[in-house]
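Thanks for coming. Please have a look at it first.

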Amino acid sequence: NTVMLGDEKDLYTDSLIAYNVNLISVPEITEPIRITAKTRYSQKEQPAVLSSLENGEYLVQFESPQRAVTSGQAVVFYDGDIVVGGGIIK
């Protein structure tokens, strides 16, 4: 129940951590891979690098900062037209 105020620039981040990740087209990710990612349905896919972390979490590092990446929302990973997987934004 907190309202936080800030500047427009405060809405941007260049990375996120995802959990409850379900990998679809690959069995596991052992090395960082180049992907595109979406953090909302209407968003254009954005270039990023996906890396596996401990405890089943994954780091998504975007090439350019993304606006309003929101905890609790979904993130989906793509390799061209193929869905690599997706998870929940931490």
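**Salt bridges, barrel and core**

The structure holds four salt bridges. A salt bridge here is a side-chain nitrogen of Lys or Arg within 4 Å of a carboxyl oxygen of Asp or Glu.

Before going on, a word on the source. This is a predicted model, where local features need pLDDT of at least 70 and side-chain atom pairs count only at pLDDT 80 or more, while totals for chains, interfaces and linings use all residues. Residues are numbered from 1 along each chain as its sequence is written, and side-chain values use heavy atoms, with hydrogens and water left out.

Back to the charged pairs. Arg-67 forms a salt bridge with Glu-8, with 3.0 Å between the closest N and O atoms. This pair links distant parts of the chain: Arg-67 belongs to strand 4 and Glu-8 to the segment before strand 1, 59 residues apart. Strands are DSSP runs of E with at least two residues, numbered from the N terminus. Arg-67 is partly exposed at 43% relative accessibility, and Glu-8 is partly exposed at 44%. The cut-offs are these: buried means under 20% relative accessible area, exposed over 50%, and partly exposed in between, using a 1.4 Å probe and protein chains only.

Another salt bridge joins Arg-34 and Glu-63, at 2.2 Å from N to O. Arg-34 lies in strand 2 and Glu-63 in strand 4, so the pair ties together parts 29 residues apart in sequence. Both Arg-34 and Glu-63 are exposed.

Now the overall fold. In what order do the strands of the closed barrel run? The six strands go 1-4-3-2-5-6, with antiparallel pairing. Two strands pair if DSSP finds at least two bridges between them.

Strand 1 and strand 6 run antiparallel and are joined by four bridges. In this pairing, Ala-18 stands opposite Ile-89 of strand 6.

Next, strand 3, residues 46–52. Five of its seven residues are buried, so strand 3 is largely enclosed by the rest of the structure. Strand 2, residues 33–38, pairs with strand 3 in the antiparallel sense over five bridges, and Thr-36 stands opposite Pro-47. Strand 3 also pairs with strand 4, residues 58–67, again antiparallel and over five bridges. There, Ser-52 has Tyr-58 of strand 4 as its bridge partner. Strands 3 and 4 form a hairpin with five residues between them, and Asn-55 in the turn has a positive phi of about 60°.

Is Gln-46 buried or exposed? Gln-46, which is in strand 3, counts as buried at 17% relative accessibility. Its side chain reaches the backbone oxygen of Lys-44 at 3.0 Å.

The largest nonpolar core has 16 residues, of which Leu-16, Ala-37, Leu-50, Val-60, Val-75 and Phe-77 touch the most other members. Such a core is a set of buried Ala, Val, Leu, Ile, Met, Phe, Trp, Tyr and Cys residues joined through side-chain atoms within 4.5 Å. Strands 1 to 6 each supply at least two residues of this core. The largest share, four residues, comes from strand 1.

Take Val-75 from that list. Leaving aside neighbours within four places in sequence, Val-75 is in contact (heavy atoms within 4.5 Å) with several residues, among them Leu-16, Ala-18, Ala-37 and Ile-89. In soluble globular proteins, nonpolar side chains tend to be buried together.

Key. Polar contact = N/O pair within 3.5 Å; in protein donor to acceptor, adjacent residues only side chain to side chain.
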